Each structure stands twice: as C-alpha cells, then as structure tokens.
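Thanks for coming, everyone. I would like to walk you through one structure this morning, taking the contacts inside a chain before those between chains.

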Amino acid sequence: MTLLGVNRLTRHFGGVTAVNFVDFHVEQGEIVAIIGPNGAGKTTLFNLISGVVSPDSGSITYKGAEIGGLTPEKIAALGITRTFQNLQLFRNMSVVENVMVGAHRRGKKGMLQAGLRWPGVAAEEKSIYSRAMSSLELVGLPGKENYPAEVLPYGEQRLLEIARAMAMEPELILLDEPAAGMNQGETNRLGELVAGLPDMGTTVLLVEHNMEMVMTVAHRIVVLDHGSKLAEGTPEDIQNDAQVISAYLGEEVF
Amino acid sequence: MHINELMQFLLTGLTLGGIYALIALGFVTIYTVTGHINFTQGEFVMLGALITASMVKGGTGLWAAIIASILLVGLFGALFERAVIYPARNSPVVTVIIITIGFSVAVRGVALLIWGTQSYPLPSFSSGEPLYVLGATMNKQSVWVLCLSLLAVSLLFAFFERTVMGKALKACAINRVAARLMGISPQRMSLFCFTLSAMLGALAGIVITPTTTATYDMGLMLGLKGFVAAVLGGLTSTTGAVLGGFLLGILEAMGAGLISSGYKDAISFLILLLVLLKRPEGLLGKPDGKRV
C-alpha cells in the first residue's frame with residue numbers, strides 16, 4: 001500500500017525554488033532515503049510533508065487523502081511525526097517529560113479529561129510514563145530519564161528526539177539527518193535502530209548525509225539536486241548512476 | 001516601632017499578596033503559552049466578585065454562588081478567547097495587547113450598566129473572633145484568602161508538574177513548533193489557558209470581596225497589581241508570579257503602614273518602573289533568556 005504520495009510538489013521562497021515538481025512515493029513498511037547536496041530542498045520537503053510550511057502547488061497524499069497545507073498538529077494526529085536537523089527538544093523539561101509529551105496523543109482519555117479528571121489522572125499518567133520509558137529503552141537511553149534534556153550529549157539528544165517521535169507510535173516517521181554529530185559507534189547503533197522501525201509498524205523517510213548508513217538501511221533512495229528529483233532507485237542503482245555521482249556523491253565516497 | 005505593628009503589616013501584606021499572586025498566575029499562564037499579555041485579567045476578577053455578590057444577595061448559598069461564579073467566569077474567559085483573541089491570533093503582540101485593553105474597557109462599561117456604581121458586599125466565609133498571631137490580629141477572611149490562594153497555587157503546580165495536560169502546556173510554551181508536531185494544538189491550549197486564567201481571576205475577586213466589597217471598576221487596579229506581580233516574577237515563571245505577588249503585597253502593606261496609606265498604589269507602580277528599567281527579566285528570570 002502506498003502510504004505517502006508526493007506529486008509535482010513545488011515550493012518557492014522568494015525567487016528560490018526550494019522544491020520543484022518533485023514526485024515520489026513511500027510504500028508501507030519501507031525505508032526510503034532522500035539524499036542530495038546542501039540546499040537541495042530536503043529539509044523543505046520534510047517541512048512540507050509535516051505541515052510546517054504549505055506547498056505552493058502539487059499534492060501530498062497520505063493513505064490516499066490529501067494532506068498538503070494541513071496544520072502540523074492535524075498531520076501529527078494522522079500518524080506522521082518527524083525529528084529535526086537542528087534539534088527541537090523541550091528545554092527545561094526532563095528527558096522522560098519530553099518523551100511523555102510525544103506519548104500523550106495515544107492516551108485513551110482525551111487530554112482535557114486527563115488534565116481534569118483526577119481519579120483517572122494517576123493511572124493515565126502512569127501508562128504514558130511507562131510508554132515513554134519503553135520508547136527511551138528502544139533508542140538506548142535508559143537510566144537518563146530524569147536528566148534535563150539539554151545536558152545530554154548531542155548524539156543522545158538526537159536519540160531523544162527519535163524516542164519522543166516514536167512514543168507517538170507513528171505510522172510514518174521523518175528523520176532529518178539523525179546521524180549528524182554522531183560518532184561511528186553511535187551511527188552504527190542508530191542504523192540498527194532505524195532498520196528495525198518497519199517491524200514495529202513505522203515506515204521511515206530518512207534524510208541523511210552519512211552514505212554508509214543510507215546505503216545500509218534504505219530500501220530505496222531518492223536523489224534531489226537544486227530542488228528537483230535527479231534520480232530514484234535502489235542503493236545499488238544510485239551508486240552506479242553516473243549523473244548522481246557527478247552531482248553529489250563524487251568518486252571518492254565509494 | 002513595635003514588632004507587633006510590623007507583624008500586622010506583614011499579615012496584611014500576605015493577604016494582599018495571595019490575591020495578587022492569583023491574578024499574576026493568570027497573566028503568566030496566558031503569556032507563557034500564547035505570548036499574549038491579557039489586560040482583561042482584571043475584569044475576570046471583577047466579574048467573579050460581582051456575580052458572586054449578586055447571587056448571594058439573591059439568596060443563593062455562599063459556596064454555591066462561589067462555585068457557580070468561578071464556572072461562569074471560566075466560560076466567559078473561553079468565549080472571550082474564541083470571539084476576541086482567536087480571530088486576532090496572527091496579529092502582532094501589541095495589537096493583541098491593545099485589543100485586550102479595549103475589551104476590558106468594554107466589559108467594565110457593561111458591568112457599570114448592569115451593576116451601577118454602588119459597592120456590593122459579601123459576608124465573610126466564616127464568622128468568629130479574629131486570630132492573634134504574634135501580637136497581630138488576623139481576621140478569619142484573611143485566613144481564607146491565604147489558604148484558598150495557597151490551595152489554588154498548589155493545585156496549579158501539581159497540574160503543571162504532574163499531569164500530561166500540564167506537560168503539554170509547558171511543551172507548547174517552550175517550543176511551539178515541536179509541540180504542534182507532537183499533535184498539540186496551540187489554539188486549544190490558548191482556549192484552555194484563557195479559561196483557567198479567568199477562573200483564577202474570579203477566585204481572586206471572590207476572596208477579596210468580603211474585605212473590600214465589589215464594584216464595577218475594581219478590576220482595573222487589581223489587574224494592574226497582578227501584572228506588576230507577574231513582571232516582578234519575570235512573566236514566565238509560575239513560582240515567580242507567586243513570589244512576586246507576595247512580595248508586592250508585603251511591600252505595599254509595609255509602605256502603607258510605615259509611610260502613608262495614600263502611597264500604596266504609587267509604591268506598586270514605582271516597583272513596576274524600577275523592575276522594567278533595571279531588571280526587565282524580573283527577579284527570577286534569566287537575562288536575555290528566551291520566553292519559556
């Protein structure tokens with residue numbers, strides 16, 4: 001089943017066409033990577049899909065329904081979540097509280113009820129807490145739940161963002177350069193984590209500069225350059241695509 | 001100067017401070033989550049007081065009237081948010097501030113038409129002899145004021161720290177974009193904050209009425225005092241708002257007692273000026289900090 005469909009999607013910023021007539025789709029259970037040089041439009045594409053910015057033209061469909069231009073909270077409610085290239089954690093909140101905010105949507109009681117109906121609050125709170133804790137365990141951050149989020153090392157803050165996003169139990173997660181700032185060991189563990197997400201029912205759309213990780217985990221790759229789609233295919237196809245190599249990868253990468 | 005007198009001023013100050021703290025919390029709750037400063041806060045105080053006083057006058061039991069009034073003012077706050085703030089949500093901050101000032105003038109005008117200029121009394125919540133604390137007298141209503149404001153403050157803290165909704169509100173205040181991507185709707189949070197702040201304001205107006213009586217224009221001064229207390233506490237911190245409220249109440253009472261009661265309001269606004277000029281981030285705020 002096609003989970004996400006992007007058709008002739010276009011977005012300008014002033015005179016710059018950040019995303020230009022881009023087409024691609026993501027099947028349920030896939031890991032699709034988007035690669036391209038800086039300024040290729042990858043982050044804009046994520047902003048469009050997650051509702052942070054609205055498309056100028058073209059369409060974004062999720063399970064066949066148009067979602068282009070919906071507010072971020074509506075898109076999140078449909079089961080799409082994301083992480084950020086420049087981290088967007090809730091500072092001044094503890095690690096587990098950050099994840100609990102992500103987990104709140106899956107609360108059986110509405111948020112208002114959870115806030116106001118006292119007898120049910122404790123039980124609800126407990127179940128959200130335990131879901132947050134298992135999300136932290138998933139990304140490998142146990143034992144740090146009471147730290148303030150901002151004291152975690154950079155790589156762990158990235159993992160925390162993934163934990164927070166996964167606590168929403170999303171059907172589609174958009175990961176924006178999750179390996180940035182991570183060392184080799186952390187990147188390898190991240191790769192394993194990402195590779196395991198489809199088995200948990202979460203389809204992955206990944207923007208990443210670490211080619212080793214992309215080539216290992218991605219089922220398919222979409223290459224963007226100057227806002228347009230340059231190529232699409234399996235990791236093998238992309239590695240052998242002369243156009244891609246000249247535009248972006250460069251011989252020395254492989 | 002007797003120590004008894006100082007104690008008396010301190011007790012008076014704490015009572016006033018409890019009221020200011022409740023009003024300041026209304027300002028802070030709305031500001032942290034929506035970024036707006038709501039100068040209609042004082043009118044919530046007035047409406048709470050006058051609705052309760054009218055209901056009691058009409059024969060409703062005191063506690064029933066109090067609860068009904070808090071709920072009604074909460075509803076009023078929600079309607080205010082939907083009808084006035086929501087349509088202006090994308091306007092600059094200054095525009096929204098001016099809208100809230102204008103709306104407060106309108107509410108005061110309508111209150112004048114409904115209730116007139118006379119003052120409405122409310123009986124003390126309990127009768128009996130005043131208490132004596134270290135040589136100072138404290139009437140029963142002051143005890144009520146202190147206890148109810150502390151109760152409201154503790155409930156609010158528990159709410160922000162212990163409930164998921166509270167965390168969602170905090171998240172919305174800290175990083176709105178990320179909160180929206182977690183499925184939190186800022187508009188719903190805004191609606192909730194205005195409702196909550198209206199109820200806090202109403203409570204403040206109700207508990208102070210047995211001491212001061214209620215009039216249509218009481219909200220102006222009380223709202224400004226609450227704002228001073230909130231600024232004193234840094235505008236972004238609930239703890240700061242509570243401390244600011246009590247500090248302002250005590251300074252006012254001391255100033256009134258030691259200098260002259262005529263300077264009571266002047267002292268508040270002098271404090272506001274000093275804080276804004278010398279320490280705009282408030283007593284607890286971090287300089288140049290981001291709004292959180």
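**Contacts within and between chains**

Between domain 1 of chain A and domain 2 of chain A, the count is 0 salt bridges, a salt bridge being a side-chain nitrogen of Lys or Arg within 4 Å of a carboxyl oxygen of Asp or Glu. Please keep in mind that this is a predicted model, in which local features need pLDDT of at least 70 and side-chain atom pairs count only at pLDDT 80 or more, while totals for chains, interfaces and linings use all residues. Residues are numbered from 1 along each chain as its sequence is written, chains are lettered from A and ligands numbered from 1 in the order in which they are written, and side-chain values use heavy atoms, with hydrogens and water left out.

Domain 1 of chain A covers 1-79 + 170-254 and domain 2 covers 92-167, with bounds from an automatic or database domain assignment. Their contact (heavy atoms within 4.5 Å) takes 16 residues from domain 1 of chain A and 10 residues from domain 2 of chain A. The area buried between these two domains, that is, the accessible area (1.4 Å probe) that two parts lose on being put together, summed over both, is about 1100 Å², and carbon and sulfur atoms give 77% of it.

What do chain A and chain B bury between them? They bury about 2600 Å², with 70% of it on carbon and sulfur atoms, and the contact takes 31 residues from chain A and 26 residues from chain B. Here the count is 3 salt bridges, and in a salt bridge between the two chains the side chains of Glu73(A) and Arg180(B) meet at 2.6 Å, N to O.
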